[in-house]
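Me: I have a structure to go through with you. Can we start with the terms and then take the contacts in turn?

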Amino acid sequence: VQLQAFGGGLVQPGGSLRLSCAASGSIFNVNNMAWYRQAPGKQRELVAAITSGGTTNYADSVKGRFTISRDNAKNTVFLQMNSLKPEDTAVYYCNADVRSYSWSPYRSYWGQGTQVTVSS
C-alpha cells in the first residue's frame, strides 16, 4: 500500500491551498484517514482526521480554516486550507488505516509528506 500526497507549495498569508492524498495498492478497506504536520524543531501533530463514515476532528489551531474530506471510491483524502498563516508552515503528511484483505488487520500507512510554506 502506498500513499501519495500532492498539493503543497508556497502561498502568501491569507491564501489557500488544497492537499490531496491517494492510497493505492492492495486495498480491501480504508478506515480512518488523517493529515498531520511537522514544523522544524517541533513534533508531528494531528491537523485533521475523518472516519470512513465522514465524522471529522480538527486541531483547535485550524478549526474554521481547514476542511478535511474524502472520496471513498477513490481512497483519497483532501485538506482544504484557507486563511493560511505563517505558523501553518510545515511538512504535511497523510495517514490512513488500511486493511489489505478481508482477513487481515488494519495497518497504518504514511504518505511521503508535502511542504507547505506560508510567507510573504
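Reply: Strands here are DSSP runs of E with at least two residues, numbered from the N terminus. Two of them pair if DSSP finds at least two bridges between them. This is a predicted model, where local features need pLDDT of at least 70 and side-chain atom pairs count only at pLDDT 80 or more, while totals for chains, interfaces and linings use all residues. Residues are numbered from 1 along each chain as its sequence is written, and side-chain values use heavy atoms, with hydrogens and water left out.

Me: Fine. What stands opposite L19 in strand 8?

Reply: That is L79. Strand 3 and strand 8 pair in the antiparallel sense, over 6 bridges.

Me: Which order do the strands of that open sheet have?

Reply: The order is 1-3-8-7, an open sheet of 4 strands with antiparallel pairing. Strand 1 and strand 7 stand at the edges with a single partner strand each, so one side of each has no neighbour in the sheet. On average, neighbouring strands are turned by 15° against each other, direction ignored; the axes behind that angle are lines fitted to C-alpha atoms, and angles run from 0 to 180 degrees between N-to-C directions.

Me: Next, the core. How many residues does the largest nonpolar core have?

Reply: It has 31 residues, and W35, L79, M81 and Y92 have the most contacts inside it. The strands that each supply at least two residues include strand 1 (2-6), strand 3 (17-24), strand 4 (29-38) and strand 8 (76-81). Strand 9 gives the largest share, 5 residues. A nonpolar core means buried Ala, Val, Leu, Ile, Met, Phe, Trp, Tyr and Cys residues joined through side-chain atoms within 4.5 Å. Buried is under 20% relative accessible area, exposed is over 50%, and partly exposed is in between (1.4 Å probe, protein chains only).

Me: Salt bridges now. What is the count?

Reply: The count comes to 4, taking a side-chain nitrogen of Lys or Arg within 4 Å of a carboxyl oxygen of Asp or Glu. One of them is R37 with D88, where the closest N and O atoms are 3.0 Å apart. R37 lies in strand 4 and D88 in the loop between strand 8 and strand 9, so this pair ties together parts 51 residues apart in sequence.

Me: Are R37 and D88 buried or exposed?

Reply: Both are buried.

Me: Which other residue forms a salt bridge with D88?

Reply: R65 does, with the closest N and O atoms 2.8 Å apart. R65 sits in the loop between strand 6 (56-58) and strand 7, 23 residues from D88. R65 is buried, as is D88. R37, E45, R65 and D88 are linked in a network of salt bridges.

Me: And what does K63 meet?

Reply: Its side chain meets that of D60 in a salt bridge, 3.1 Å from N to O. D60 is exposed, at 65% relative accessible area.

Me: Last topic, rings. How many aromatic pairs does the structure hold?

Reply: It holds 2. Y101 and W103 form a stacked pair, 4.9 Å centre to centre with 5° between the planes. Rings of Phe, Tyr and Trp (its six-membered ring) pair if their centres lie within 6.5 Å; planes under 30 degrees apart are stacked, over 60 edge-to-face, the rest tilted. Y101 is partly exposed at 40%, and W103 is exposed at 68%.

Me: Which ring does the charged end of R18 sit over?

Reply: The ring of F78, 4.3 Å from its centre. R44 lies over the face of W110, at 4.7 Å from the ring centre. The rule asks for NZ of Lys or CZ of Arg within 6 Å of the ring centre and within 35 degrees of the ring normal.
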